[in-house]
Amino acid sequence: MKSVTRSLRILEAVAQHQPVTVGELTKIFGLPKSTVQRTLVTLNEAGWLRANRKDTTRWEIGARVLAVRPAALQGSSLFAAAREPMIRLRDAVNETIHLSVPDALDCIVVVDRVDSSHAVRTFHDIGDTSPMHATATGRAILAHLPETDVDEFVSGGLERYTEATLIDPAELRAELERVRADGYSVNRNQYRPDVCAIAAAVLDGDGTPLATVAISMPDSRYDGARLPEWGRLVADTAAEVAARRAGAA
């Protein structure tokens with residue numbers, strides 16, 4: 001139990017001081033550096049922590065922590081800003097709406113959902129993760145990242161999930177250009193068969209992608225003729241969430 005308590009306290013300290021170094025945590029707790037390092041590595045392997053992408057000697061909370069108890073997000077500016085616009089978007093299209101956040105370049109994590117009233121609908125549990133390149137939410141994020149980040153992501157290889165998955169780096173880069181031009185991304189059966197989505201990024205003031213809003217539906221209800229309408233609605237919703245978040249900051 002002592003090791004569990006220590007891990008939780010270190011997790012809390014990282015959340016409070018992030019991004020934080022092993023040395024800084026060692027001073028806070030008065031523990032051997034090796035003990036702190038082992039704890040950080042264990043929490044990282046479990047998905048609770050991650051190394052800061054700009055300075056890998058510093059540690060920060062992973063996005064999966066946000067999915068442990070969604071109610072805890074209600075005090076955050078992102079959750080509070082997104083909830084009402086997501087409900088209005090659901091009412092406009094009567095399809096499931098997801099709010100997701102990136103976990104570095106590793107994956108996308110669902111942190112909130114507003115369900116449609118259809119008996120047949122797509123479903124992701126809060127906390128579900130999905131790959132960046134094979135989803136509308138992931139490509140909405142990738143399209144707004146620096147080219148060096150995209151290079152890093154592509155260098156790790158692109159896994160195939162269905163016959164429609166983009167696994168050619170040149171095709172993925174071309175798709176990201178289209179996402180930037182159109183303001184939204186589209187996934188038709190590229191990750192899960194018979195599941196489609198249209199997503200747009202929620203951007204910070206400096207253009208950094210913080211999250212995505214997505215309309216998700218079964219392929220049986222996907223209508224290419226409505227794509228411009230859906231794309232405009234989801235892009236407008238993401239922009240509203242960004243503005244509401246900025247106003248609450």
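Predicted model: local features only at pLDDT ≥ 70, side-chain atom pairs only at ≥ 80, totals over all residues.

Visitor: Which residues make the contact between α1 and α3?

Guide: From α1 come Arg-6, Ser-7, Ile-10, Leu-11 and Val-14, and from α3 come Thr-35, Val-36, Thr-39, Leu-40 and Leu-43. Sorted by class, the contact has six nonpolar, three polar and one charged residues.

Visitor: Now the aromatic rings. How many aromatic pairs does a search of the whole structure find?

Guide: The search finds two aromatic pairs. One of them is formed by Tyr-161 and Tyr-191.

Visitor: Why is the pair of Tyr-161 and Tyr-191 called edge-to-face?

Guide: The ring centres lie 5.1 Å apart, with 80° between the planes.

Visitor: Are Tyr-161 and Tyr-191 buried or exposed?

Guide: Tyr-161 has a relative accessible area of 34%, so it falls between the cut-offs of 20% and 50% and is called partly exposed. Tyr-191 has 17%, which is under 20%, so Tyr-191 is buried.

Visitor: Why is the pair of Tyr-222 and Trp-230 called tilted?

Guide: Here the centres are 6.0 Å apart and the planes make 50°. Stacked needs under 30 degrees and edge-to-face needs over 60, so this pair is tilted. Tyr-222 is buried at 14% relative accessible area, and Trp-230 is buried at 3%.

Visitor: What makes you say that the charged end of Arg-178 sits over the ring of Tyr-184?

Guide: The charged end of Arg-178 is 5.9 Å from the centre of the Tyr-184 ring. The cut-off for that distance is 6 Å, and the charge must also be within 35 degrees of the ring normal. Arg-178 is listed as sitting over the ring of Tyr-184.

Visitor: Let us move to single residues. How do you know that Ala-134 is buried?

Guide: Its relative accessible area is 0%, and buried means under 20%, so Ala-134 counts as buried. Ala-134 is in the loop between β6 (129-130) and α5 (136-142). Leaving aside neighbours within four places in sequence, Ala-134 is in contact with Arg-139, Tyr-161, Thr-165, Asn-187, Gln-190 and Tyr-191.

Visitor: And what is Ile-198 in contact with?

Guide: Ile-198 is found in strand β8 and is buried, with a relative accessible area of 0%. Beyond its neighbours within four places in sequence, its contacts include Tyr-184, Val-213, Leu-227 and Trp-230. Ile-198 and Leu-233 are 35 residues apart in sequence and 9.7 Å apart in space, C-alpha to C-alpha.

Visitor: Which peptide bond is cis, and where does its proline lie?

Guide: The cis bond joins Gln-18 and Pro-19, with omega about -10°. Pro-19 lies in the loop between α1 and β1 (20-21).

Visitor: What is the phi of Asn-189, and what is the phi of Asp-194?

Guide: For Asn-189, phi is near 65°, a positive value in a residue other than glycine. Asp-194 has a positive phi of about 70° and is not a glycine either. Asn-189 lies in the loop between β7 and β8, and Asp-194 is placed in the loop between β7 and β8 too.

Visitor: Why is Asn-189 called buried and Asp-194 exposed?

Guide: Asn-189 has 19% relative accessibility, which is under 20%, so it counts as buried. Asp-194 has 52%, which is over 50%, so it is exposed.

Terms used:
Residues numbered from 1 in each chain as written. Heavy atoms only, no water. Contact = heavy atoms within 4.5 Å. Helix = DSSP H or I, 4+ residues; strand = E, 2+ residues; numbered from the N terminus. Nonpolar A, V, L, I, M, F, W, Y, C, P; charged D, E, K, R; others polar. Phe/Tyr/Trp six-rings, centres within 6.5 Å; stacked < 30°, edge-to-face > 60°. Buried < 20%, exposed > 50% of the residue type's maximum accessible area, 1.4 Å probe, protein only.
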